[in-house]
Amino acid sequence: TQKPLAGMMPYENIQIQLIDTPPITHDFLESGMLGLIRNSDLVWLVINLSLDDPLAELEMVKKRLEEKKIRLCGDEKGVALQVGEICKKTMILGNKNDLENAAENWEVIKELYSTSFSLYSVSAEKKQGLEELKRETFEKLEILRVYTKIPGKPLDYTDPVILKKGQKVLDAAFIIHKDFAHNLKYARIWGKGKYEGQMVHRDQVLTDGDVIEFHL
């Protein structure tokens, strides 16, 4: 990839935007990539497992970004940051796991990074491990899908409203239209662990798969 290239990854009934970037090397780090990484919700650090020393490549990329005040962070808590440094949630993705030396290289990476990062080994060529990767990516993004229902009309599960975990009924109303939020009196909700059609107020926290019927 010579320039950042956008694409969409389908997961169940939503699309997750991916941006494939040029590789980071000892000599090359495109300045425009820094803004992309800083503004991303999640980073895939993709490593070619068929290289002679993919661990060295992984650590080089981390170091190059740290020089630019971008620290790739995994599942560890309380990461100490320098002044001006940001922490970007990252998954380490080992590609080409079907090639020679890949299994041995992956074991080395797991030994060093499995306690601090989510690690996934895949083969894009053979399409191995991709569905598991999609599910984990969805979880790491910490998003949820809710569905809106018009009173008296059938429910459409094909076009969910996407929210961050912890957001509320009022947040969903704002996404649909600001007038919904301003005029919202209450909502009825269907979902796991809830009464069918339960009446809730605007500060009700939502969960993935909830169905909302707004009443203005």
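## Tyr11 and the aromatic pairs

Tyr11 is buried in this predicted model, because its relative accessible area is 9%; buried means under 20%, exposed over 50% and partly exposed in between, with a 1.4 Å probe and protein chains only. Residue numbers start from 1 along each chain as its sequence is written. Because the model is predicted, local features need pLDDT of at least 70 and side-chain atom pairs count only at pLDDT 80 or more, while totals for chains, interfaces and linings use all residues; side-chain values use heavy atoms, without hydrogens or water.

Three aromatic pairs are counted, a pair being two rings of Phe, Tyr or Trp (its six-membered ring) with centres within 6.5 Å, stacked if the planes are under 30 degrees apart, edge-to-face if over 60 and tilted otherwise. One of them joins Tyr11 to Phe138 in a stacked arrangement, with 5.0 Å from centre to centre and 25 degrees between the planes. This pair connects distant parts of the chain, since Tyr11 belongs to strand S1 and Phe138 to helix H4, 127 residues apart. Phe138 is likewise buried, at 4% relative accessible area. The pair of Tyr113 and Phe117 is edge-to-face because the ring centres lie 5.8 Å apart and the planes meet at 70 degrees. Tyr113 is buried at a relative accessible area of 10%, and Phe117 is buried at 5%.

## Overall architecture

Of the 216 residues, 37% count as buried.

## Strand pairing

Five strands form an open sheet with mixed pairing, in the order S8-S7-S11-S9-S10; two strands pair if DSSP finds at least two bridges between them. S8 and strand S10 (198-200) are the edge strands, each pairing on one side only. From one strand to the next, the twist averages 40 degrees, using axes fitted to C-alpha atoms and angles from 0 to 180 degrees between N-to-C directions. Strand S7 (residues 143-148) runs parallel to strand S11 (residues 211-215), and two bridges connect them. Thr148 has Ile212 in S11 as its bridge partner.

S1 and S2 pair in the antiparallel sense over seven bridges, and Leu5 has Asp20 in S2 as its bridge partner. Two residues lie between the strands of this hairpin, in which Glu12 takes a positive phi near 50 degrees.

## The largest pocket

The largest pocket holds about 1,700 Å³ of space. Pockets are open sets of points on a 1 Å grid over the protein atoms alone where a 1.4 Å probe fits, with protein on both sides within 12 Å along at least five of seven lines; lining residues have an atom within 4 Å of a point. The lining comprises 49 residues, and Ile19, Asp20, Thr21, Trp44 and Val46 lie nearest the centre of the pocket.

Several elements supply at least two lining residues each, among them strand S1 (5-11), helix H1 (31-39), strand S3 (43-48) and helix H4 (130-141). S2 gives the largest share, seven residues. By class, 32 lining residues are nonpolar, eleven polar and six charged; Ala, Val, Leu, Ile, Met, Phe, Trp, Tyr, Cys and Pro count as nonpolar, Asp, Glu, Lys and Arg as charged, and the others as polar.

## The second largest pocket

The second largest pocket has a volume of about 220 Å³. Its lining includes Cys73, Asp75, Lys77, Cys87, Lys140 and Glu142. S5 contributes the most, with three residues. Seven of the lining residues are charged, four nonpolar and one polar.

## Two loop residues

Val122 lies in the loop between strand S6 (118-121) and H4, and is buried at 3% relative accessibility. Its C-alpha atom is 7.3 Å from that of Leu93, 29 residues apart along the chain. Gly78, in the loop between strand S4 (70-73) and S5, is exposed at 77% relative accessibility. The C-alpha atoms of Gly78 and Gln198, 120 residues apart along the chain, are separated by 39 Å.

Notes
Grid points are joined across faces, edges and corners, and a volume is the space filled by probe spheres set on the points. Helices (H or I, at least four residues) and strands (E, at least two) are DSSP runs, numbered from the N terminus.
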